[in-house]
Amino acid sequence: MSRTRRDNLAGALMMVPASIVILVLVIVPMVIIARDSFAVSDPLGGNLGGFTLDNYAKLLDPVYAKTMGYSLGMAVLNAIVCTVVGYVVAYYIATRPARRQPLLLLLVIIPFLTDFLVRTFSWITLLGSGGPIIGLAKLVGIPATSLVPSQAAVVLSLLYAFLPVAVFPIYASMRAIDPSLREAAADLGAGWWQTHARVYVPLSASGLASSVMLTFVPTLGVFVIPVLLGGGKDPLVGNLIVTLFTEFRNEPLGAALSMVVLVLMLVTVALAGVVTRVVTKKRSA
Amino acid sequence: MKSKALAAVGVTVVAALALAGCSAGSGSTSSGGSTKLHIYAWSGEIPDSVIKGFEKETGITVSVDNFDSNETMISKLAAGNSGYDIVEPSQYAVPLMVQRDLLAKIDKSKLTGFDNIAEKFVNPSFDKDNEHSIPWVWGTTGILYNEDCTGAKVTGWKDLWNPKYKGKIYMLDNMLSAYIGGMQVEGLKATSTKKSEIEEGTQALIEQKPLLAGYNSDNYADLVATGDACIAEAYSGSASAKAVASNPSVHYIIPEEGGTLWTDSFSIAKNAPNEDAAYKWLNYTLQPEVAALATDDGASASANEAALKLVKDQTQVTNPAIYAPADSLKKSEFIVDPGDALAYYQDGWTRVRAS
């Protein structure tokens, strides 16, 4: 057996545990959902199997398109807001002295050791009528009552929930940027805006693309935040899927909607990949 | 590449079949002297004191899992081989589970103390002769309001349609519960199965939506107690009772247009592995002094008539957020499963939510 073949074999063997995990925990459930999305349901909530396209046909109802559109809008908005704020935070951290950076990164993560639901509830307290923000507003004479429920509260807590996901990839790509490039840009007469627009943003493009992707995709699946902070009047597609699986006891229809969301997510990932490749190519050319 | 992908699909299919096979092969081993009992119940409805007492008296080890919706419970049982002996469905879920053959018929001759159950839960509309369910706790769907905020007494559903409270009104985030208000405010029965009537209810809910702060089944009681909400459709029980107790301006009422009852019952799962222990559980919980603990330790209303006078804190029995007064319940009906009309409700509710 030649050396390369043995290496190949060893490599393949080492892939086995990871492959099994992905197969059992990712691919199998996805295949089950995909299969269920073509199944026939009965009014009692049973899954009768069989094959039908009815579930997908039902999703053509404008009601679903409306919720889908709203969710996509929300996800795009959240991806942009998170990436912009994430860029600012990541730039701040990346330009601090090297030995202070780990501490700052740790500060970004610490709140996330607390349960997601608990943090969402704490936003209700912060933004609610007895909270500090309203108290401050009253103190300076702004007649405010409560920020919950509101769209602003939803956007704010979505930003809070996904910010670390945006900070890390941007920070990772910024760390690779040589600090002397900033000085070079300054020497060549670039101001603050030009330094960012022509040096930092292009050089951290792959991090920015990952950030957009990593915040956009999970926002589509969020369902607790819109209920608790938005009043639940404008459901996201995640809420709709929960309703279909539980109250409407229609697993196949819920599965079909999940598949649509899944395809949308895959398209986004593919697009982000293409964008990153084009940008990287341009840079190296 | 292609053959690899095909192989992956093949393996996946085999794995899926294997999983399906596991759940399909449900073996039932019912033994005479079981030492274990597996219960699947609503969270917070069986106080620890009841479980401890049962374990002490019978020497049977109890394990309890909780669910937060009937649908979750049903799908777990329907998947097969759940291993549960006792389950706790709500009234509308009982016929659904009977039709899907998930519940065992209860042999009344093995029960003692069934005559302790209050009259309105004996032979109920959802389960003839209590063949599959023994009511444990009950409650109502009504209105929780904060008088400081409304500035007036609230009497019925129409107040949840009052523009005066715009942005301070909450409805329950649950289709059938929201339709109770939507139907009864129009003078219709909450259990209607007529398409045209359900459409009227849908229109009422769509009309109401701009007035709402939101749909909420999680923390509405806190919101009313703090005054962030003036008025909310609410379930009776511990959350509402706590809100009423914490603030003298907070009241729980049964709306004058009607109101509805719910009840959560103990049932024996089909092919229960420890059927014998399950009957011991039913008999244990039928005792008035045990049933009274549901109120004392769980702030739920007991379906056991004989238990009422045994409740230690009698203010709980007169608290309308736990025990609705008998005269307010005259018009109340049990919410039952709408059957085929479910499609009309679903269609309507989807439109309400997207409007």
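In which loop of chain A is A:P149 found? A:P149 is in the loop between α6 (132-139) and α7 (151-175) of chain A, where helices (H or I, at least four residues) and strands (E, at least two) are DSSP runs numbered from the N terminus. The peptide bond that leads from A:V148 to A:P149 is cis, with omega near 0°.

This is a predicted model, in which local features need pLDDT of at least 70 and side-chain atom pairs count only at pLDDT 80 or more, while totals for chains, interfaces and linings use all residues. Residues are numbered from 1 along each chain as its sequence is written, and chains are lettered from A and ligands numbered from 1 in the order in which they are written.

Chain A carries annotations from UniProt. An unreviewed entry there lists residues 68-272 of chain A as "domain: ABC transmembrane type-1"; such positions are given in the numbering used here, feature names are shortened, and annotations may be inferred rather than shown by experiment. In the model this span is 74% helix and 0% strand, with its end C-alpha atoms 20 Å apart. The unreviewed entry in UniProt also lists "transmembrane region" for several stretches of chain A, including 104-128 and 208-229. Residues 104-128 of chain A are 72% helix and 0% strand, and their end C-alpha atoms are 29 Å apart. For residues 208-229 of chain A the figures are 77% helix, 0% strand and 28 Å between the end C-alpha atoms.

Chain B is assigned two domains: domain 1 (34-138 + 262-320) and domain 2 (139-261 + 330-354), with bounds that come from an automatic or database domain assignment. The C-alpha centres of the two domains of chain B lie 27 Å apart. Their contact involves 18 residues of domain 1 and 14 residues of domain 2; two residues are in contact if their C-beta atoms, placed from the backbone, lie within 7 Å. On the domain 1 side, α4 (93-99), β4 (134-146) and β9 (260-268) of chain B each supply at least two residues. That side has 11 nonpolar, 7 polar and no charged residues, counting Ala, Val, Leu, Ile, Met, Phe, Trp, Tyr, Cys and Pro as nonpolar, Asp, Glu, Lys and Arg as charged, and the others, Gly among them, as polar.

The loop between α4 and β4 of chain B holds B:D101. B:D101 is not a glycine, yet has a positive phi of about 60°.

Elsewhere in chain B, the axes of helix α2 (residues 48-58) and helix α10 (residues 275-285) come within 11 Å and cross at roughly 120°. Axes are lines fitted to C-alpha atoms, for helices over the stretch in contact, and angles run from 0 to 180 degrees between N-to-C directions. α2(B) and α10(B) are therefore oblique to each other, since angles under 35 degrees count as roughly parallel, over 145 as roughly antiparallel, 65 to 115 as roughly perpendicular and the rest as oblique. B:V50, B:F54, B:E57 and B:T58 of α2(B) make the contact with B:K280, B:W281, B:Y284 and B:T285 of α10(B).

Between the chains, 32 residues of chain B are in contact with 28 residues of chain A. α13(B) gives the most to the chain B side, with 6 residues. Helix α3 (residues 62-94) of chain A packs against α13(B) at an angle of about 35°, with the axes 10 Å apart. Here A:V63, A:K66 and A:T67 in α3(A) meet B:T350, B:R351 and B:A354 in α13(B).
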